[in-house]
Amino acid sequence: MARSAKPPRAWQRMLSGRRLDLLDPSPLDIEIEDIAHGLARVPRWNGQTEGAHIFSVAQHSVLVEQIARTLEPDLNREVALAVLLHDAAEYVIGDMISPFKAIIGDSYKEVEKRLMAAVHLRFGLAKPTAAITKLIKQADSACAYMEATQLAGFKHEEARSFFGRPQGIPAGLELKPWPADEAKARFLQRFRDLTNDAG
């Protein structure tokens, strides 16, 4: 009699020891240290950026939150935390470039959506309103424009056609990729600033 096929493993073991199920992620298996560690090692632009280090999703997230505060100086801590964590799912699924997302369709978005719902529950965040989602998109696009033109070889006109004209960029911002350990530390520090978590 043939042995029945074993179902594929759908969880990832984290350095914290947690096992996160991608099909049914539990908020109890999400740790900020795992998120920071993973995002600090996930490259933006598939690694096609200038510099001695990758430009990580952790660094991108810190900058997007900084841009959001420039756009909305009275941003409250909960919204700022939602902005900082806007790409948190990528610590598990990576930063898939937009052209590839378009090719594979909705399956990626469905996994990302479940992971983000678990992240929001874990850190006590409500589902983002339309206004918060718009702010995140605006700050994210501005950051992507800066990354594209300063690190990924895009001309300004080409970057504007994809990301629009950037708003909220802090004066004199020059992007220099941080080493992974620095990106992790800065991401964690910003999280602790926003949550009053001394670590």
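Is D95 buried or exposed, going by its relative accessibility? In this predicted model, D95 has a relative accessibility of 12% and therefore counts as buried, the cut-off being under 20%. Its salt-bridge partner is R44, with the closest N and O atoms 3.8 Å apart. This pair links distant parts of the chain, 51 residues apart: D95 lies in the loop between helix 4 (90–93) and helix 5 (98–104), while R44 lies in the loop between helix 1 and helix 2 (57–71). R44 is buried as well, at a relative accessible area of 10%.

Another of them joins E65 and R190, whose closest N and O atoms are 2.8 Å apart. Here, too, distant parts of the chain are linked, since E65 belongs to helix 2 and R190 to helix 9 (residues 180–195), 125 residues apart. E65 is buried, with a relative accessible area of 0%, and R190 is buried at 18%.

E31 sits in the loop between strand 2 (19–21) and helix 1 (32–39), whereas R18 sits in the loop between strand 1 (11–13) and strand 2; the two are 13 residues apart. With a relative accessible area of 17%, E31 is buried. R18, at 32% relative accessibility, counts as partly exposed, because that class runs between the 20% and 50% cut-offs.

How values were computed: Residues are numbered from 1 along each chain as its sequence is written. This is a predicted model: local features need pLDDT of at least 70, side-chain atom pairs count only at pLDDT 80 or more; totals for chains, interfaces and linings use all residues. Side-chain values use heavy atoms; hydrogens and water are left out. Helices (H or I, at least four residues) and strands (E, at least two) are DSSP runs, numbered from the N terminus. Buried means under 20% relative accessible area, exposed over 50%, partly exposed in between (1.4 Å probe, protein chains only). A salt bridge is a side-chain nitrogen of Lys or Arg within 4 Å of a carboxyl oxygen of Asp or Glu.
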